[in-house]
Amino acid sequence: MKIHINDKEHDLPESWNDLELNQQIGCYAILMSDSREMMETQEMLPYKRVGLVKYLLGLSDEFMTQWEKDCIAVNGEKDGTLVFLSELSEILKCTDFLLDKLEDGEYQIKLGLTKCPWPKLEHINKEKGRLKKKAFYAPADGLDNLSIYELGTTFTLFEDFIKDKNIDKAEELIATIYRPSKPPTKYNKQSAYQGDRRQPLLDHEGMVKKRIKKIHLLTSPVKQLILFWFASCRQQIIDNYPNIFESPKGEKSGNDYGWGGVLMALAEGIKDLDKVAKQPYINALTYLSWREDQRIEAEMEAKRNRRRSA
């Protein structure tokens, strides 16, 4: 996206994924800052939009002041101020990619960061008097290589965090998705680590608690952006499978057995539970989505048959 201000051209990204890492951190901090003590609620969004424009385009307070003065010099005091506000309003639209407009006209931060900001986190340990780096690896962009078991575990942790705002749950979530690498054996290298470099979670859940101590040392902006990335990926998955995650309007979703129920439904009993748990979530959700489509089609066909026989 190209923006022109006073005959100067500025390049601007068009999505959260297009932003540089430092820009992602900066934009997220601006949008999530609490400005309620400084201004009325209706003034917060324009204020934050101005902050985003200044940050992304590298505009100083002096530049903004001079921009308004130039408008006034050309158009007069009254009209110049209106021209400046009009021009500024147009420029502020370049921040739309960071926001979602709600049905009531309000805006909220857009869950659009599906490219992992930190594919690898490194921690320095001191072992036997020597410094040793320990690396923890993230899942793929969009969480694409999570198993259905991992998806259920991490979704539950995230939902618990959202409900209670408990930072311990957030750190447990990060420690669950960031894991050490599998050993660099010849087979693992030739098979590209079977699509996931990380050590498995299933049967290794006890290692999560040990990693939480390391995750606790991360700075708040790092943890916040990782959680925002996870929330964005989660929303994308939910949007991709609406007939699994959303009940039809006006209908109850039935008994809620959580993710354990999902695994049981896929395994069709206990015998294949471990095998199913290791399946890529995409395979599992696609199968569940197909089954739901089949159920809906069967119900519609039954209704058509009843009408014919009436």
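The legends below describe views of a predicted protein model.

**Figure 1. Overall view of the protein, with its 13 helices and six strands.** The protein has 310 residues, of which 37% count as buried. Among contacts in the protein with a separation of 6 or more, 63% are accounted for by residues 24 or more positions apart.

**Figure 2. Close-up of helix α1, residues 21-32.** This helix has twelve residues. From the first C-alpha to the last, α1 reaches 17 Å, which is close to the 16 Å expected at 1.5 Å a residue. The buried residues of α1 are Q23, Q24, G26, C27, Y28 and L31. In an α-helix there are 3.6 residues a turn, so residues three or four places apart point the same way.

**Figure 3. Close-up of the crossing between helix α6 (residues 167-177) and helix α8 (residues 206-215).** Two packed helices are described by the angle between their axes and by the distance between the axes. The axes of α6 and α8 come within 8 Å and cross at roughly 110 degrees. Because angles of 65 to 115 degrees count as roughly perpendicular, α6 is roughly perpendicular to α8. The crossing of these two helices, α6 and α8, is right-handed.

**Figure 4. Close-up of the residues that meet where α6 and α8 are in contact.** From α6, the residues involved are E171, E172, I174, A175 and T176. In α8, they meet V208, R211, I212 and I215.

How values were computed
Residues numbered from 1 in each chain as written. Predicted model: local features only at pLDDT ≥ 70, side-chain atom pairs only at ≥ 80, totals over all residues. Heavy atoms only, no water. Helix = DSSP H or I, 4+ residues; strand = E, 2+ residues; numbered from the N terminus. Expected span 1.5 Å × (residues − 1). Buried < 20%, exposed > 50% of the residue type's maximum accessible area, 1.4 Å probe, protein only. Contact = heavy atoms within 4.5 Å. Axes fitted to C-alpha atoms, helices over the stretch in contact; angles between N-to-C directions. Parallel < 35°, antiparallel > 145°, perpendicular 65-115°, else oblique. Left-handed = near helix turned anticlockwise from the far one by under 90°.
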